[in-house]
Amino acid sequence: MKFRNLISIAAVSLLPVAASAATIIIPAAGTGPGASGSQWQSELTLHNAAPRAATISLTFHQGKNVLGPVSVTLQSRATESIADVVKSKFGVEAGTGAIALDVEDRAARSLAVTSRTFNTSSMGEFGQDIPAIDVVNAARAGELAALPGPSVADTNRFNFGVYAVDATNVTWEVVRANGTVAATKSATYAAGEHAQYGFGVSTFLATTPANNDTVIARVTSGKAIFYGSIVNATGDPTFVPGVRTREDVIINFLGLDLDEDGTVDVADANHDGVLDAPIKVFTSLYPDYFRIVAKGEFDETLSYTIVKSPATKSDLLDENGLVRLIAAGDLKNTSGELQVKITTGTTEQIVTIPVEFQ
């Protein structure tokens, strides 16, 4: 370990901590009138497989507004279906949003959650199942969510949306069938915010839809759940899940060199872009330093940018990943994440370094 100006940074083991609660998201639910006298609504069905009762807290996230919570208690092995849940539980006459279900961790293991959103009209009933998604499966910084659009753009409407688990920055892209990028737009979402874009390729991303477009949501910070819906000319929708993926990553984040002796002291051994253990930073007015160790697949030149930092002040001091941190005394006994974007050519990867201040 190398000391500079009386501050030390040391690697510590990452201790497993059991979560006390789980959060499950229905990313799209709604109620209200549709075209030609039709009516939209969402039905939520819950089953408790446990031999004990379970209480679920429901909130409805419409834009940045949060309605609720309301509680639902299920007895042992009971099932409950809540018709028109957005209206009946939250009093919304017309609107779309996300439903968050918070439940104790133990009860969550025995809880089955399904939902269906459908449209009723003189033509019949048309609907789509919308899956429940645990927030641990949200796309996080450095990942992409792929939303494949309709194979025939002219006769289908493509809507898509997002629920931000944390404060999240997203770069949206429209990728044509031949791989070219037709449009790009960046957006920021607050924690708990829901946004849906009807005819999103044209209205939100400002380009003409084409057959087999894929909308890519590139998460640059935070965590979010993405979804889409393809609606045909009769009003029959098909749910499109946001598929978490990564580009063909050619950047290998090896870890941190804490004392600048040319070796990795804390590694990213499983290559998930997150340092395997947090670094411990002792608060003071003086800076300390460590070097990010990364390598391109073919020894490409890499560049570094600090995206997010929990420290009072943080800087990159050279082109080879040397980081300087200053942590003031008010950060003592807190923790956070330093996120750094590593770039080569058109490829980028965001790496996460957990930090504990002492």
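**Figure 1. Burial and overall composition of the chain.** Of the 358 residues of the chain in this predicted model, 47% count as buried. The secondary structure consists of 3 helices and 29 strands. Along its principal axes, the C-alpha trace spans about 75 × 55 × 30 Å. Among contacts in the chain with a separation of 6 or more, 71% are accounted for by residues 24 or more positions apart.

**Figure 2. The second largest pocket and its lining.** The space in the second largest pocket amounts to about 380 Å³. Its lining comprises 22 residues, of which Trp40, Thr96, Thr117, Asn159 and Gln196 are the closest to the centre of the pocket. At least two lining residues each are supplied by β2 (21–33), β7 (95–104), β13 (157–164), β18 (223–231) and β19 (237–241). Strand β2 gives the most to this lining, with 5 residues. Classified by residue type, the lining of the second largest pocket has 12 polar, 9 nonpolar and 1 charged residues.

**Figure 3. The stacked pair of Phe60 and Phe90.** A search of the whole structure finds 10 aromatic pairs. One of them is formed by Phe60 and Phe90, which are stacked at 5.7 Å centre to centre with 25 degrees between the planes. Phe60 belongs to strand β4 (residues 54–62) and Phe90 to helix α1 (residues 85–90), so the pair ties together parts that are 30 residues apart in sequence. Phe60 counts as buried because its relative accessibility is 0%, under the 20% limit. Phe90 is also buried, with a relative accessible area of 12%.

**Figure 4. The edge-to-face pair of Trp172 and Tyr197.** The ring centres of Trp172 and Tyr197 are 6.1 Å apart and the planes stand at 85 degrees, so this pair is edge-to-face. The pair links distant parts of the chain, with Trp172 in strand β14 (residues 168–175) and Tyr197 in strand β16 (residues 194–197), 25 residues apart. Both Trp172 and Tyr197 are buried. These two residues also belong to one aromatic cluster, which they form together with Phe158, Phe160, Phe204 and Phe226.

**Figure 5. The surroundings of Glu173.** Glu173 is placed in strand β14. With a relative accessible area of 11%, Glu173 is buried. The side chains of Glu173 and Arg218 are joined by a polar contact of 3.2 Å. When residues up to four places away in sequence are not counted, Glu173 touches Val181, Ala183, Thr184, Thr214, Val215, Ile216 and Arg218.

**Figure 6. Gln62 and its contacts.** Gln62 lies in strand β4, the strand that also holds Phe60. Gln62 is partly exposed, with a relative accessible area of 25%, whereas Phe60 is buried. Leaving aside residues up to four places away in sequence, Gln62 touches Leu67, Val92, Ala94, Gly95, Thr96 and Gly97. Another, Thr96, is among the residues closest to the centre of the second largest pocket.

How values were computed: Residues are numbered from 1 along each chain as its sequence is written. This is a predicted model: local features need pLDDT of at least 70, side-chain atom pairs count only at pLDDT 80 or more; totals for chains, interfaces and linings use all residues. Side-chain values use heavy atoms; hydrogens and water are left out. On a 1 Å grid over the protein atoms alone, a cavity is a set of points where a 1.4 Å probe fits but cannot get out, and a pocket is an open set with protein on both sides within 12 Å along at least five of seven lines; lining residues have an atom within 4 Å of a point. Grid points are joined across faces, edges and corners, and a volume is the space filled by probe spheres set on the points. Helices (H or I, at least four residues) and strands (E, at least two) are DSSP runs, numbered from the N terminus. Ala, Val, Leu, Ile, Met, Phe, Trp, Tyr, Cys and Pro count as nonpolar, Asp, Glu, Lys and Arg as charged, and the others, Gly among them, as polar. Rings of Phe, Tyr and Trp (its six-membered ring) pair if their centres lie within 6.5 Å; planes under 30 degrees apart count as stacked, over 60 as edge-to-face and the rest as tilted. Buried means under 20% relative accessible area, exposed over 50%, partly exposed in between (1.4 Å probe, protein chains only). A polar contact is a pair of N or O atoms within 3.5 Å; within protein, one must be able to donate a hydrogen and the other to accept it, and residues adjacent in sequence count only if both atoms are side-chain atoms. Contact means heavy atoms within 4.5 Å.
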